[in-house]
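Visitor: I'm new here, and I'd like to look closely at one part of this protein. Could you show me the whole thing before we zoom in?

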Amino acid sequence: MSERTSAAEAPITPSTAKSSPHVDAGDAGYRKDLKSRHINMIAIGGAIGTGLFLGAGGRLADAGPSLAIAYAVCGVFAFFVVRALGELVLYRPSSGAFVSYAREFMGEKGAYTAGWLYFLNWSTTCIADITAAATYAHFWAMFSDIPQWILALIALAVVLTANLISVKYFGEMEFWFAIIKVAALVAFMLVGIFLLVTQQDIGGHTPGFGTVSDNGGIFPMGALPMLLVIQGVVFAYASVELCGVAAGETENPAKVMPGAINSIMWRVGIFYVGSVVLLALLLPYTAYTGDESPFVTVMDKLGVPGAAGVMNLVVLTAALSSLNAGLYSTARILRSMAMAGSAPRFTGRMNKGQVPYGGVLLTAAFGIGGVALNYVVPGEAFEIVLNLASIGILGTWGMIMLCSLIFWHRSKDGRVTRPSYRLPWAPYTQIVTLVFLATVVVLMWSGGGVGRTTVMFLPLIAAALVGGWFLVRDRVNAIAAEK
């Protein structure tokens with residue numbers, strides 16, 4: 001039972017015996033301004049993002065109602081990842097998060113690889129977010145004539161400005177973004193259940209189980225499409241690790257983190273799986289498209305004045321929330337790397353608000369590249385960066401599980417002591433999760449199209465990482481020697 005100890009069964013304490021001698025220079029200088037309410041809502045915000053609000057429409061069109069199964073399966077593995085990270089956080093809280101743990105358990109090469117894969121994840125995700133924000137804005141007639149790239153630039157500028165002020169502003173912004181997202185999803189689900197129970201007409205269609213059975217069943221095009229959309233579904237969970245990064249700026253992580261992490265599982269079940277099931281029951285899967293949020297599609301077909309506009313405002317908030325989180329987390333990760341010599345020196349600098357502004361600006365610079373992408377191929381920008389982001393996500397999750405596996409092995413020979421808050425069923429959980437992540441890469445290749453092209457980029461990404469290491473290794477070794 002010790003492997004399954006929960007917050008309710010035993011007090012959550014960080015390890016004290018044989019605790020880590022590792023000290024991450026990147027942890028110094030931060031304010032502990034994030035409170036319990038911030039962390040809890042950051043955890044919610046990380047579990048509800050653009051991948052659900054925008055991505056679910058195209059995924060439903062591709063895989064039908066079986067998308068709910070894909071969300072459920074990926075949600076389980078996302079929970080394993082964040083639970084493994086939570087155990088490491090309770091062992092030693094760090095703003096460098098998994099980069100700091102990779103440095104302790106895998107050396108500087110491991111930290112370098114983990115950090116730059118995470119940067120790949122979020123620099124491309126930020127492009128996806130500003131693309132989504134611009135797409136949502138086009139819903140309203142007043143913005144329809146404004147080019148998509150201009151709207152993307154405005155979204156980036158607004159969130160960048162707020163992120164540079166202080167972590168307290170980030171926490172407050174993310175808190176209210178998450179409140180809006182949760183309230184909207186709860187309201188949508190209540191409306192959806194009412195429509196389902198009362199058999200209300202939705203755009204000439206009567207909702208119910210017949211919506212699924214009369215349109216090809218759960219697998220209208222077979223099981224393969226469900227498997228092929230999994231890489232997109234993984235993208236939907238891209239922010240679950242954010243609460244682990246935020247732990248380094250939290251007042252009392254040992255008290256706050258376990259509850260926030262444990263709640264992710266039921267949030268996934270209700271908000272992701274529940275929402276997709278409702279969407280599949282309310283309208284045929286053929287009614288949804290990748291160009292519009294499926295929630296907006298339902299509200300639009302209901303014909304309630306203003307309802308679709310309100311829901312569109314909510315999904316716009318979700319995109320800005322994800323962008324906000326990406327700028328925050330990459331800045332902290334880059335600072336941890338910069339202090340060790342594996343990232344540009346300027347990304348280690350902090351402003352008067354104790355914000356590592358260099359890292360924020362570097363990530364935002366890649367967002368400018370996303371603005372250009374929206375100018376060149378506005379119709380394909382979201383799908384292109386989503387697949388590239390998925391590679392970064394898979395790499396990041398893989399590094400977290402490898403760190404967790406090494407941590408477990410070291411606990412067995414007495415070199416470290418695991419906290420009472422633990423990843424269940426270790427080491428099998430880590431191994432199964434790593435196999436799952438490798439399987440997703442195979443599925444991306446099997447699906448052809450943009451997914452296969454993305455996998456073909458893997459050798460280039462590996463070559464860039466190797467080349468980059470040779471450029472920074474002397475500085476990394478010199479800093480390590482000074483310590």
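What percentage of the residues of the protein count as buried? After that, please take me to the spot where helix H17 and helix H18 come within reach of each other.

Guide: Happy to! What you see is a predicted model, where local features need pLDDT of at least 70 and side-chain atom pairs count only at pLDDT 80 or more, while totals for chains, interfaces and linings use all residues. Residues are numbered from 1 along each chain as its sequence is written, and side-chain values use heavy atoms, with hydrogens and water left out.

To your question: 59% of the 483 residues count as buried, meaning under 20% relative accessible area with a 1.4 Å probe and protein chains only; exposed is over 50%, and partly exposed is in between. The protein has 19 helices and zero strands; these are DSSP runs numbered from the N terminus, with at least four residues of H or I for a helix and at least two of E for a strand.

Now for your spot. Two packed helices are described by the angle between their axes and the distance between the axes. For H17 (residues 428-446) and H18 (residues 449-456), the axes come within 6 Å and cross at roughly 125°. Those axes are lines fitted to C-alpha atoms over the stretch in contact, and the angle, from 0 to 180 degrees, is taken between N-to-C directions. The two helices are therefore oblique to each other: under 35 degrees would be roughly parallel, over 145 roughly antiparallel, 65 to 115 roughly perpendicular, and the rest is oblique.

Who does the touching? H17 brings Val441, Met444, Trp445 and Ser446, and H18 brings Gly451, Arg452, Thr454, Val455 and Met456, where contact means heavy atoms within 4.5 Å. Sorted by class, that makes five nonpolar, three polar and one charged residues. Here Ala, Val, Leu, Ile, Met, Phe, Trp, Tyr, Cys and Pro count as nonpolar, Asp, Glu, Lys and Arg as charged, and the others, Gly among them, as polar.

A cis peptide bond joins Ala426 and Pro427, with omega about 5°. Trp425 lies in that loop between H16 and H17 as well, and has a positive phi of about 60° although it is not a glycine. With a relative accessible area of 42%, Trp425 is partly exposed.

Another non-glycine residue with a positive phi is Gln199, at near 55°. Gln199 sits in the loop between helix H7 (167-198) and helix H8 (210-213), and is partly exposed at 42% relative accessible area.

Thr125 counts as buried because its relative accessibility is 1%. Leaving out residues up to four places away in sequence, Thr125 touches Phe235, Ser322 and Ala389. Thr125 also lies 9.4 Å from Gly392, C-alpha to C-alpha, though the two are 267 residues apart in sequence. Across the protein, among contacts with a separation of 6 or more, 81% come from residues 24 or more positions apart.
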